[in-house]
Amino acid sequence: MSASKTLTATLPGSDRAREIVETGIDEEMMVTVFGRCRVEYDGRASSTLESGDRLVVLKPDGTVLVHTEEGQQPVNWQPPGCTQETTTDDGLVVQSYRDNPEEELTVEFSAVTHVVAYHVTDEQDLSLQGTEEDLRERILSEPSLVEDGFEPRATERETPAGAVDIYGVDDSGNAVVVELKRRRVGPDAVSQLNRYVGALKRDLHAEMAVRGILVAPSLTDSAHHLLDRHGLEYVSLSPPDE
């Protein structure tokens, strides 16, 4: 089978559209269908999306995505591992099934504008630069970036509120919770840090004071105000450039 094989049709009838989609599924190709469709989901909940112009993507790993003209997230989706079937009933029908938990997604096309199936070869791993892990390593190798006298003691220290990115002590012996963010953050990050500080205070039973420091490239104004309200601190620092 040639890796460059592509099946495509514009304004196909239901039978031709089904033929391309079925071939794509059978041969583990990437399939995209654009047209006017109605979408129903039944599983952990039930939902209906009435007729509209949408893009449906079927991936070889069983993933199904239903996209509208807005936003980056699909309005309906099925995860990897699902099984797809097609029928024709007054139009192309694509159904996706999942066994555990039991879920079914049904897309009924009243008209297909364009359908394409193609083999995809991508052997490369995503290379990330400037991650939170990079930021953590930068601080562990140079703790004074947080403040003079800061001494890291542990990473991913567990608390009832979650794992603390870096736990340490300052030069006065106070416990320090350091929460790392790789990009500009808002109030949610401050609230997360405040939960960690509160949880650690309860764990330590007032044996020592607990400080919270948020490390990020920048903050919104509302995040600054919330830091002040909770008595937390901020250090402006970015992950290293690669």
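In this predicted model, five strands come together in an open sheet, arranged in the order β9-β10-β11-β12-β13 with mixed pairing. The edges are formed by β9 and β13 (233-236), each of which pairs on one side only. Going from strand to neighbouring strand, the turn is 30° on average, with direction ignored.

Strand β9 (residues 151-159) runs antiparallel to strand β10 (residues 162-169), and seven bridges join the two. Together β9 and β10 make a hairpin, with two residues between them. Within this pair, T159 is placed opposite G162 of β10. Further along the sheet, strand β11 (residues 175-180) pairs with strand β12 (residues 210-216) in the parallel sense, over six bridges. Here V176 lies opposite R211 of β12.

Attention now turns to a pair of helices. Two packed helices are described by the angle between their axes and the distance between the axes. For helix α3 (residues 187-204) and helix α4 (residues 221-230), the packing angle is about 20° and the axes are 8 Å apart. Since angles under 35 degrees count as roughly parallel, α3 and α4 are therefore roughly parallel to each other. The crossing of α3 past α4 is right-handed. On the α3 side, the contact is made by P187, V190, S191 and N194, while α4 contributes S222, A223, L226, L227 and H230. Sorted by class, this contact of α3 with α4 comprises five nonpolar and four polar residues, with no charged residues.

Definitions and conventions: Residues numbered from 1 in each chain as written. Predicted model: local features only at pLDDT ≥ 70, side-chain atom pairs only at ≥ 80, totals over all residues. Heavy atoms only, no water. Pairing = 2+ DSSP bridges. Helix = DSSP H or I, 4+ residues; strand = E, 2+ residues; numbered from the N terminus. Axes fitted to C-alpha atoms, helices over the stretch in contact; angles between N-to-C directions. Parallel < 35°, antiparallel > 145°, perpendicular 65-115°, else oblique. Left-handed = near helix turned anticlockwise from the far one by under 90°. Contact = heavy atoms within 4.5 Å. Nonpolar A, V, L, I, M, F, W, Y, C, P; charged D, E, K, R; others polar.
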